[in-house]
Amino acid sequence: MANAWFETVAEAQRRAKRRLPASVYGALVAGAEKGLSVQDNLTAFDQLGLSPHVAGLPHTRQMATTVMGQHVSMPVLISPTGVQAVHPQGEVAIARAAANRGVAMGLSSFASKSVEDVVAANPQTFFQTYWCGDKDTLVQRLERARAAGAKGVIVTLDWSFSNGRDWGSPWIPEKIDLKAAFKLAPEVLAKPRWLWSFVRTGRIPDLAAPNMAKPGQPAPTFFGAYYEWMQTPFPTWDEVAWLRSQWDGPFMVKGVGRIDDAKRVVDLGATALSVSNHGGNNLDGTPAPIRMLPAIVDAVGNDIEVLLDGGVRRGSDVVKALALGARAVMIGRAYLWGLAANGQAGVENVLDLLRSGIDATMTGIGKASIADLTRDDVVAPDGFWRRLGT
């Protein structure tokens, strides 16, 4: 039997591609339009170098920190993503893996598992929501998350409903009915291990969004929930401030790229913000978050926790982000590849790779604690940075 352990996130992605039906894998690859932002998220990290030392290196390294009031064993969080057909255990497997590694988790409101089940698996869970539905519906979702024990809220604002990918978008049905099963059969039957993982649970992916269900009603389909979101008018800053007032605990605004927007997030009393371009899935041509990070840290870093989300694939990426001022990073595709490759153990594998990579990088640049990282540890080419807004 082949070794289930993998040595890089890139290998996890290769295994995910071999295991998943083409439509499921294509949904994970995602991206928008030409894919400029998806590519920049990765190549921007490649363009940053590190400044090493060769003697007097620390024997131990400290990487624990706190994010939104939660103690975490390393500066890495699970970013909220919808996991509809990757693995039968979905977000519950991810939550268990994160809990086993002392990592907090963001749970998408479009997730395939309920906030109750996920918090039970990892009490360090932040519930993510979009501005979707009327105010009563938004409050109901927050109250449900609070009752389940969520430690905080993440509101994601960076979305413009862009569509169309130059490389083609996968066909995703509204639900798995006879017609959909027949159409998907060739690609599903070509991936028997993925099919068997669901068959032995007695269930098939139902493509539902249980956290979007209204009280007393069944969970809507993923696209049913997405349609509600599309029909909801975009929020004003006053409405975002109102939403913050409905939650009396830690509160993050995700998707910030401009300095003026970051200042508004501080003004509404948020605990944290995430510099992000939605993994390149939103407005194509948005710069990589790592390019925008220092300007935002300089503007508001003393007033709010600043995180980075986008393009992180290895421990050295984490160190680069922290050296540039991030409190922690959030990962998305990296753990999804791990989940697809080997379930809960695959997610743990990814987290272990990041931890060992952080440790090795800190050793090489001579830092005993993540608190000691500075911008002098990073080497950037001319013209690398992006400063958006004022």
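Leaving aside neighbours within four places in sequence, which residues is L184 in contact with? Select L184 and find S23, W171, P173 and I176. Contact here means heavy atoms within 4.5 Å.

Before moving on, note that this is a predicted model, in which local features need pLDDT of at least 70, side-chain atom pairs count only at pLDDT 80 or more, and totals for chains, interfaces and linings use all residues. Residues are numbered from 1 along each chain as its sequence is written, and side-chain values use heavy atoms, with hydrogens and water left out.

**Stop 1: L184**

Stay on L184. Its helix is α7, residues 178–189. Helices (H or I, at least four residues) and strands (E, at least two) are DSSP runs, numbered from the N terminus. L184 counts as buried because its relative accessibility is 12%. The scale runs as follows: buried is under 20% relative accessible area, exposed is over 50%, and partly exposed is in between, using a 1.4 Å probe and protein chains only.

**Stop 2: α2 against α14**

Select α2 (residues 22–29) and α14 (residues 333–365). The α2 and α14 axes are 10 Å apart, and the packing angle is about 160 degrees. Axes are lines fitted to C-alpha atoms, for helices over the stretch in contact, and angles run from 0 to 180 degrees between N-to-C directions. The pair α2 and α14 is therefore roughly antiparallel. Angles under 35 degrees count as roughly parallel, over 145 as roughly antiparallel, 65 to 115 as roughly perpendicular, and the rest as oblique.

The crossing of α2 past α14 is left-handed. That term applies if the near helix is turned anticlockwise from the far one by less than a right angle; clockwise gives right-handed. Show side chains next: Y25, L28 and V29 of α2 meet R333, L336 and W337 of α14. By class, this contact of α2 with α14 holds five nonpolar residues, no polar ones and one charged. Ala, Val, Leu, Ile, Met, Phe, Trp, Tyr, Cys and Pro count as nonpolar, Asp, Glu, Lys and Arg as charged, and the others, Gly among them, as polar.

**Stop 3: N281**

Keep R333 displayed and select N281. The N281 side chain makes a polar contact with the R333 side chain, at 3.2 Å. A polar contact is a pair of N or O atoms within 3.5 Å; within protein, one must be able to donate a hydrogen and the other to accept it, and residues adjacent in sequence count only if both atoms are side-chain atoms. Beyond four places in sequence, N281 touches A30, G31, A32, W159, S162 and R333. N281 is buried, at 17% relative accessible area. It sits in the loop between β9 (272–276) and α12 (289–300).

**Stop 4**

H278 is in the loop between β9 and α12. What is phi of H278 near? The value is near 60 degrees, positive in a residue other than glycine. Most residues other than glycine have a negative phi. H278 is buried, at 13% relative accessibility.

Jump to L207, in the loop between α8 (192–199) and α9. L207 also has a positive phi, about 55 degrees, although it is not a glycine. Its relative accessible area is 8%, so L207 is buried.

**Stop 5: α4 against α14**

From α4, the contact uses G90, A93, I94, R96, A97, A98 and N100; from α14, Y335, L339, Q344, V347, E348 and L351. Eight of the contact residues are nonpolar, three polar and two charged.

**Stop 6: α11 against α12**

Select α11 (residues 259–267) and α12; the axes come within 9 Å and cross at roughly 40 degrees. The two helices, α11 and α12, are therefore oblique to each other. Their crossing is right-handed. I259, A262, K263 and V266 of α11 make the contact with A295, I296, A299 and V300 of α12.

**Stop 7: R141**

End on R141, in helix α6 (residues 135–148). R141 is buried, at 2% relative accessibility.
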